Amino acid sequence: MYYVIGVTGITCICLFISVLTKPSVRIGKVTVDLYWVIALLGAFVLLISHAIPVQDAVSGITADTAMNPLKILTLFLSMSLLSIFLDEVGFFGYLANRTLQCAGAGQRTLFLSLYIVVSVLTVFTSNDIIILTFTPFICYFSRNAGIDPVPYLFCEFVAANTWSMMFLIGNPTNIYLATTEEIDFLEYVRVMWIPTIAGGVVSFLMLYLLFRRKLKQPLTIKTQAVSISDKGLLAIGLVHLTVCTVLLVLSSYIGFDMWLITLCFAVSLFVVASLYCFVRRRPGTEVIHCLRRVPWQLVPFVLSMFILVLALEKYGVTEKMAMVMGTSHTTYIYGIASYLSANLINNIPMSVLFGSVTGNLSGALQTAGIYAAVVGSNLGAVLTPIGALAGIMWSSILKKQQVSFSFARYVLYGFCVSVPALLATLAVLDCML
């Protein structure tokens, strides 16, 4: 048991250090993210030392259960493909530009508009995609308007990681944790929509209090022309995303698994868009770029962390964790514990771990633990950039854009915003349960 704890602990420490110091390395013309390589090495050590037999790992990964990581990855990657395609045809860039144009000359109006647009898009797509799309745009308009980009960048990041709690598809951690107890789309929304609104309102109020002085400064609007690359492709993308979301809502009634629905629509989008480009005799670069931008590195990362958790579960570690956290005040204890844990080992490994820990609870306690961990996995990303993969990617974009935003400054802002939002969300969630 201690050997498994040691290997898992060292893997998480190395993951933490790599994110703080050097999140990626360049080999020739290829850039390799270190987070998934470190996780893969940790899982490999456990396998070759027979701490967990290969057949046990394979059985756990391929088990026909709600916690099957292959199904969860399929669901998330398929939804990511649908969202990335819309970004490739210019949909998100167009909306961002329109938001800037409609904001007038006031920073406070722009700040509110950006928060609303990012929040709405995150609910129906994915927080990671919205962050990767809007961050370069915010850096651009801030530079041209001569204003500090930090309030807008942090506003975008907070909005994306708060409102991603509302729908099951908003964050891969939602998908993983909810499916551990076979919570369907509608049941998830029924429980989470009011807590998410509570967290969203509190987070915006805290953001405004933090940046209200900077938002009083004048703003000079300088926009660039952003157009849709092809309206036919846009229609194809919007129809696929809309119908897919509707079917996800109805999945428990029509008897289809959510991962299968999203996979079918991802394949359909690829085929229909490719045929459309062939008929129109256009190169179809949007389809090619879309496939390249899908976060495939999540596959080895999630599977490796799943193997680590399987080993912890095999030796009774997750059961002992459940005993330590007890069965009283479950919503608050699991919410705060997952919030802090996400900033030690990242929110995806944390979700895999807590999915196993909550399995030692029963009935209403397990349900409370699952939903509380969902809250912690989303809002934990706001405390430090290490809390989520989106934070790691976001920080990398800021470095490329030469935007100064230190780790200490982020934590200060993150603490002021995320702690009140976390407590408000958990309080409302506790009432809903």
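The model is predicted, so local features need pLDDT of at least 70 and side-chain atom pairs count only at pLDDT 80 or more, while totals for chains, interfaces and linings use all residues. Residues are numbered from 1 along each chain as its sequence is written, and side-chain values use heavy atoms, with hydrogens and water left out. Helices (H or I, at least four residues) and strands (E, at least two) are DSSP runs, numbered from the N terminus.

**How helix α1 packs**

- Helix α1 (residues 2–21) packs with helix α2 (residues 34–48) at an angle of about 170°, and their axes are 9 Å apart. (Axes are lines fitted to C-alpha atoms, for helices over the stretch in contact, and angles run from 0 to 180 degrees between N-to-C directions.)
- That pairing is therefore roughly antiparallel. (Angles under 35 degrees count as roughly parallel, over 145 as roughly antiparallel, 65 to 115 as roughly perpendicular and the rest as oblique.)
- On the α1 side, the residues in contact include Tyr3, Val7 and Leu15, and on the α2 side they include Leu34, Ile38 and Leu46. (Contact means heavy atoms within 4.5 Å.)
- Sorted by class, the contact of α1 with α2 has eleven nonpolar, three polar and no charged residues. (Ala, Val, Leu, Ile, Met, Phe, Trp, Tyr, Cys and Pro count as nonpolar, Asp, Glu, Lys and Arg as charged, and the others, Gly among them, as polar.)
- α1 also packs with helix α16 (residues 330–345), this time at about 75° with the axes 8 Å apart.
- So α1 is roughly perpendicular to α16.
- Cys12, Leu15 and Phe16 of α1 meet Asn343, Leu344 and Ile345 of α16.

**How α8 meets α20**

- The axes of helix α8 (residues 150–163) and helix α20 (residues 407–432) come within 12 Å and cross at roughly 50°.
- That makes the two helices oblique to each other.
- From α8, Val150, Phe154, Phe157 and Val158 touch Arg409, Tyr410, Tyr413, Gly414 and Val417 of α20.
- The contact of α8 with α20 has seven nonpolar, one polar and one charged residues.

**Two buried residues**

- Threonine 318 sits in helix α15 (residues 317–325), and at 2% relative accessibility it counts as buried. (Buried means under 20% relative accessible area, exposed over 50%, partly exposed in between, with a 1.4 Å probe and protein chains only.)
- Leaving aside neighbours within four places in sequence, threonine 318 is in contact with Leu312, Glu313, Leu353, Ser356, Val357 and Asn360.
- Serine 83 belongs to helix α4 (residues 69–88), and serine 83 is buried too, with a relative accessible area of 1%.
- Not counting residues up to four places away in sequence, serine 83 touches Phe92, Thr125, Ser126 and Ile129.

**Exposed residues**

- Arginine 26 lies in strand β1 (residues 24–27) and is exposed, with a relative accessible area of 57%.
- Glutamate 182 is in the loop between α9 (172–180) and α10 (185–211), and is exposed at 66% relative accessible area.
- Phi of glutamate 182 is near 55°, a positive value in a residue other than glycine.
- Histidine 329, in the loop between α15 and α16, has a positive phi of about 50° although it is not a glycine.
- With a relative accessible area of 62%, histidine 329 is exposed.
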